[in-house]
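Here are some notes to read alongside the structure, written for someone meeting it for the first time. Keep the view open and follow the points one by one.

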Amino acid sequence: IEAAVAHHWGRPNLGGVRVAVQGLGSLGMQLCAYLAAAGARLIVADLRADLTAQAARTFGATVVSPDQILSVDADVLSPNAFGDVLCDAVLPLLRAPVIVGGANNQLRARRHGLALHNRRILYVPDYIANAGGLIDVAMEGPGYAPSRVLERCQTIKTTTARLLADAEVLGLPPCELADWIAEDRMSKGPDAAPPLPSPARVMT
């Protein structure tokens with residue numbers, strides 16, 4: 001979220017940024033804690049009233065209904081509940097210019113990522129935004145320390161910033177470039193560092 005906000009507005013931090021958080025499970029509630037500590041203004045929704053009440057009490061969050069959260073006036077929309085949330089029915093309702101969330105499979109279809117790009121909505125692919133979960137699993141075992149996990153997770157910000165900058169240079173949706181990079185690295189190995197591809201190559 002920090003990388004996306006910096007890329008889109010050139011803002012150095014999240015102070016005063018309005019973030020709409022969909023879903024207050026273990027992921028969404030912890031995200032609210034990080035966002036509140038960073039000075040963001042929270043708008044939250046969940047099916048469980050006790051969780052929204054907790055977020056309001058603890059973080060000063062504004063509570064809206066689950067039916068409203070995707071269309072609220074916010075700077076950032078953060079889906080952290082269901083997959084397939086970005087679909088034909090939802091796209092016309094979106095008001096946030098930036099979408100970064102931890103839910104898996106947020107795009108119902110590839111074309112929805114293209115549609116977001118065409119609407120000039122900055123979408124960070126879910127598997128980049130939620131990569132911290134995999135980092136956490138990879139670091140389990142003897143010597144496990146949450147502080148080390150969080151330190152390693154700082155690489156996600158760097159990765160996101162580079163992806164967004166490269167996608168802008170190429171005029172591509174970040175989700176398309178991210179898919180191309182992932183597929184290229186899976187075929188060549190994790191240490192491969194290819195030059196930026198042509199837009200035509202990514203979109204084929």
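**Notes on the predicted model**

1. Leu-27 belongs to helix α2. Setting aside neighbours within four places in sequence, its contacts are Asn-80, Gly-102 and Ala-103. Another pair to look up is Leu-27 and Asn-130: they are 103 residues apart in sequence, while their C-alpha atoms lie 9.5 Å apart in space.

2. Now step back to the whole chain. You will find nine helices and six strands. The radius of gyration is 17 Å, close to the 17 Å given by the globule rule for 204 residues, so the chain is as compact as a globular protein of that length. Along the principal axes, the C-alpha atoms fill a box of roughly 50 × 50 × 30 Å.

3. Of the 204 residues in the chain, 43% are buried. The accessible surface comes to about 10800 Å², and carbon and sulfur atoms account for 54% of it. If you take the contacts between residues at least 6 apart in sequence, 51% of them join residues at least 24 apart.

4. In what order do the six strands of the open sheet stand? Reading across, the order is β3-β2-β1-β4-β5-β6, and the pairing is parallel. The edges are held by β3 and β6 (residues 122–123); each has a single partner strand, so one side of each is left without a neighbour in the sheet.

5. Next, look at strand β2, which covers residues 41–45. Is it enclosed or open? Four of its five residues are buried, so β2 is largely enclosed by the rest of the structure. Strand β1 (residues 18–22) runs parallel to β2, and five bridges join the two. Within this pairing, Val-19 stands opposite Leu-42. To get from β1 to β2 the chain passes through helix α2 (residues 26–37), and this β-α-β crossover is right-handed. That is the helix in which Leu-27 is found.

6. On to the pairing of β2 with β3. Strand β3 spans residues 62–63 and runs parallel to β2, with two bridges between them. Here Ile-43 stands opposite Thr-62. The unit made by β2, helix α3 (residues 49–59) and β3 is a right-handed β-α-β unit.

7. Elsewhere in the sheet, β4 and β5 pair in the parallel sense over two bridges.

8. Two loop residues deserve a look for their backbone angles. Asp-84 is not a glycine, yet it has a positive phi of about 60°. You will see Asp-84 in the loop between β4 (76–79) and β5 (98–99), and it counts as partly exposed because its relative accessibility is 36%. Asn-105, also a residue other than glycine, has a positive phi near 55°. Asn-105 sits in the loop between β5 and α4 (110–118); with a relative accessible area of 55%, it is exposed.

9. How does the span of helix α7 fit its 25 residues? At 1.5 Å a residue the helix should span 36 Å, and its end C-alpha atoms are 37 Å apart, which agrees. Its buried residues include Val-149, Cys-153, Ile-156, Leu-163 and Leu-170. Just after α7, Gly-171 takes a positive phi of about 70°.

10. Last, pick out Thr-160 in helix α7, which runs over residues 146–170. Is Thr-160 buried or exposed? Its relative accessible area is 6%, so it is buried, as that value is under the 20% limit. Not counting residues up to four places away in sequence, Thr-160 touches Ala-3, Val-124 and Ile-128.

Conventions:
Residues are numbered from 1 along each chain as its sequence is written. This is a predicted model: local features need pLDDT of at least 70, side-chain atom pairs count only at pLDDT 80 or more; totals for chains, interfaces and linings use all residues. Side-chain values use heavy atoms; hydrogens and water are left out. Buried means under 20% relative accessible area, exposed over 50%, partly exposed in between (1.4 Å probe, protein chains only). Two strands pair if DSSP finds at least two bridges between them. A crossover is right-handed if, with the strands pointing away from the viewer, the path from the first strand over the helix to the second runs clockwise. Contact means heavy atoms within 4.5 Å. The radius of gyration is taken over C-alpha atoms; the globule rule is 2.2 Å times the number of residues to the power 0.38. Accessible areas come from the Shrake-Rupley method with a 1.4 Å probe; for residues, only the protein chains shown count as cover. The expected span of a helix is 1.5 Å times one less than its number of residues.
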